[in-house]
Amino acid sequence: MVLLAWQAAPLAAQPVDWRVCVTDIVVPPYLHNNPQRLGVAERLLIDAGEAAGLRVELLRLPPLRCRLMLDSAQVEATLAAPTAHNMAELGFPMRHGAVDRTRRLAHLRLMWVKRAGRELVWDGRQMHGAEPAALTVGARATMRSATEALQSQGFKVDSAALNTRQLLGKLLAGRVDLAVGIEEDLRHAMRVADLQDLTLLPQPFLAVDYYAALAPGLLPVQRELAERWWAETARLRELPPYRPD
């Protein structure tokens, strides 16, 4: 078992292996889904880990598989937003009883996509053109930052899509009325597939911070390592190599 293997070695003797599932989503400049071209969040995870005594390995897998690996203790961390359900299940960097924003990895906008010609307008607070209860909104599986917020506003949610291509395909086929996803990921998928029949609404649904979130059930010594990792994240993230701009 991995835990026993690294527990037996002195922490100062060699870096501790630390696996982080960053998903396969393309979110430039944070994530490029390309080990030969690291995004700023990927570099930050690795370099903060090195400073904290961790040898960080990034796994680029579909979000649902990341979540399954997290729940089965096959990875130590993943990327997540501090939604109500995630806060109850995962470990986030905290300060004075709240999530510490100085240790965030990315600040992202979740955008709406609709079929061209559909008369739906989001004004930043509410949808015009149809009542929320009459609309089914698609989101990627495990994207709680979108699904929990959508459900709280009364939208019906379809979160069965395993990837962004499937999500946009369902929208094109009329199986959902709208889709919500990370802006950069949606733009990338629409550009690659040349989906001219879809359009992004100009106002974002919401903006959300993403963090390195810990798997449930980590040992106290692992959580101590994570605290060092988060502290190094806060120290490094303001330096030029790790700034998204």
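This report describes the confidence, strand pairing and nonpolar cores of a predicted model.

Residues are numbered from 1 along each chain as its sequence is written. In this predicted model, local features need pLDDT of at least 70, side-chain atom pairs count only at pLDDT 80 or more, and totals for chains, interfaces and linings use all residues, while side-chain values use heavy atoms, without hydrogens and water.

The mean pLDDT (the predictor's confidence in each residue, from 0 to 100) is 92, and 95% of the residues reach 70 or more. Residues 1-11 have pLDDT below 50; beyond near neighbours in sequence, this stretch has 14 contacts in the model, a contact being heavy atoms within 4.5 Å.

Strands are DSSP runs of E, at least two residues long, numbered from the N terminus. Two of them pair if DSSP finds at least two bridges between them. The pairings of strand 3 (residues 77-80) are as follows.

| Partner of strand 3 | Bridges | Direction |
|---|---|---|
| Strand 1 (residues 16-21) | Two | Parallel |
| Strand 13 (residues 206-214) | Four | Antiparallel |

Threonine 78 is the bridge partner of cysteine 21 and stands opposite alanine 213 in strand 13. Both faces of strand 3 are covered: Ala77 and Leu79 on one side, and Thr78 and Ala80 on the other, are buried, meaning under 20% relative accessible area with a 1.4 Å probe, protein chains only.

A nonpolar core is a set of buried Ala, Val, Leu, Ile, Met, Phe, Trp, Tyr and Cys residues joined through side-chain atoms within 4.5 Å. The largest has 66 residues, and Trp18, Val20, Leu45, Trp112, Met127 and Trp229 have the most contacts inside it. Strand 13 supplies its largest share, six residues. Apart from this core lies another of 14 residues, among them Ala161 and Leu198.

Note on methods
Buried < 20%, exposed > 50% of the residue type's maximum accessible area, 1.4 Å probe, protein only.
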